[in-house]
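Hello,

Here is the structure for your files. My notes follow below it.

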Amino acid sequence: MAYWKVRLFILPVVLGLLSACAADIDEIAQQVGDSMASVDESGGSSGTLAELDSSRKFFKRRAPSEISNGWLETYVQPSAYAATCSAAPGFGSCTSNAVTRTFADCTVGGATFSGTVVNTWGGGAASCTLSGATQHITRVPAFTVTGRRGATLTVSKTGTLGQRLTLSSGSGASSVFSMTNDGIRRAFTNASGTTTYDFTTATTSAITINGNSRTNRILSGGSLRVTNNLTQVTCDYVPTAVTWTSACNCPTSGSWAGTCSDGKSTTVSINGCGTASLTVGTVSTSVTFDRCYSI
């Protein structure tokens with residue numbers, strides 16, 4: 001084969017490998033973004049838009065043919081998703097110390113949402129309100145998104161509890177919380193039945209949260225483990241000064257630094273509402289978090 005033909009053959013392969021590598025590390029950062037958005041949603045009064053739009057963005061990256069053009073074109077602003085999910089109930093009222101978001105097979109474009117996200121208050125909390133130390137909110141996602149050709153994204157807990165926010169001390173703006181997670185899994189199976197994406201997040205030590213709202217919330221310390229279940233590589237992230245502002249459901253500054261089981265170092269440096277720079281080993285990329293949006 002002539003030299004120039006070899007180059008033409010190899011170039012697309014190399015570019016494809018580089019693109020796949022960037023996509024893989026992007027998904028690592030998405031797990032960190034999911035955890036940050038979950039902290040904001042543990043109050044139970046928000047999260048409907050974040051869950052719907054997060055899934056839309058995910059399918060657009062992993063399997064764009066699974067969602068209709070109508071969804072991509074119209075789902076830009078919260079008021080624009082004219083589909084049954086927009087009319088379905090959001091988070092319900094407090095019942096038996098729990099608030100539930102039920103999807104009930106609602107649809108957005110070609111995708112069908114089924115299952116629930118449940119926030120439950122415990123440890124002595126009453127009327128879905130934290131009022132003293134050791135009281136907590138436990139968030140359990142258990143839902144599936146099915147594309148129009150049969151691909152599925154499933155979000156579920158793998159541990160006993162789920163994601164838990166516990167009031168450690170203080171009240172109001174002086175509140176201090178600890179965040180734990182004994183296993184949340186996000187897995188994607190394509191229309192052919194092959195699992196192409198499978199991640200689990202869990203805390204290996206509790207993460208400290210200072211403040212009770214977006215205007216004063218800061219994460220620091222502890223450790224979040226992101227496990228790629230397809231490769232068995234784990235990355236442990238420690239947050240430093242991860243800080244919210246009032247106009248975003250996610251932090252707008254701060255960083256997560258860590259190490260991976262394959263010996264690589266990793267950082268997620270947040271530089272805006274839903275945006276960050278991610279480095280894993282020698283590979284870096286810009287990331288837009290699926291579940292983050294401006295208020």
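The link of cysteine 94 and cysteine 128 is right-handed, with 85° about the S-S bond. Its sulfur atoms are 2.0 Å apart. A disulfide here is a pair of cysteine sulfur atoms within 2.5 Å. Cysteine 94 sits in the loop between helix H4 (84-87) and strand E1 (98-102), and cysteine 128 in the loop between strand E3 (111-122) and strand E4 (136-146), so the pair ties together parts that are 34 residues apart in sequence. Helices (H or I, at least four residues) and strands (E, at least two) are DSSP runs, numbered from the N terminus.

Before going on, the ground rules. This is a predicted model, in which local features need pLDDT of at least 70 and side-chain atom pairs count only at pLDDT 80 or more, while totals for chains, interfaces and linings use all residues. Residues are numbered from 1 along each chain as its sequence is written, and side-chain values use heavy atoms, with hydrogens and water left out.

Back to that first pair. Cysteine 94 is partly exposed, at a relative accessible area of 36%. Cysteine 128 is buried, at 13% relative accessibility. Buried means under 20% relative accessible area, exposed means over 50%, and partly exposed is in between (1.4 Å probe, protein chains only).

The backbone at this loop deserves a look. Cysteine 128 has a phi near 55°, a positive value in a residue other than glycine. Serine 127 also has a positive phi, of about 55°, and is not a glycine. Serine 127 is exposed, with a relative accessible area of 59%.

By the distance rule, the count comes to four disulfides.

- Cysteine 235 and cysteine 260 are joined with an S to S distance of 2.1 Å. This link is right-handed, with 100° about the S-S bond. Cysteine 235 lies in strand E13 (residues 233-243) and cysteine 260 in strand E14 (residues 253-260), so the pair ties together parts that are 25 residues apart in sequence. Both cysteine 235 and cysteine 260 are buried.
- Cysteine 250 and cysteine 292 have their sulfur atoms 2.1 Å apart. The torsion about their S-S bond is about -80°, so this disulfide is left-handed. Cysteine 250 lies in the loop between E13 and E14 and cysteine 292 in the segment after strand E17 (283-288), so the pair ties together parts that are 42 residues apart in sequence. Cysteine 250 is buried at a relative accessible area of 1%, and cysteine 292 is buried at 6%.

**The chain as a whole**

The protein chain has four helices and 17 strands. Of its 295 residues, 46% are buried. Contact means heavy atoms within 4.5 Å. Among contacts between residues at least 6 apart in sequence, 52% join residues at least 24 apart. The accessible surface comes to about 12700 Å², and 56% of that belongs to carbon and sulfur atoms. Areas come from the Shrake-Rupley method with a 1.4 Å probe; for residues, only the protein chains shown count as cover.

**Where to be careful**

Mean pLDDT (the predictor's confidence in each residue, from 0 to 100) is 83 for the chain, and 81% of residues reach 70 or more. Two stretches stay under 50. Over residues 1-22, pLDDT is under 50 and the model has three contacts beyond four places in sequence. Over residues 71-82, pLDDT is also under 50, with 23 such contacts.

**Isoleucine 270**

Where does isoleucine 270 sit? It is found in strand E15 (residues 265-272). Isoleucine 270 is buried, at 8% relative accessibility. Leaving out residues up to four places away in sequence, isoleucine 270 touches Met36, Val242, Pro251, Thr252, Ser253, Gly254, Trp256, Thr275 and Ala276. Isoleucine 270 and threonine 288 are 18 residues apart in sequence and 9.9 Å apart in space, C-alpha to C-alpha.

Best wishes
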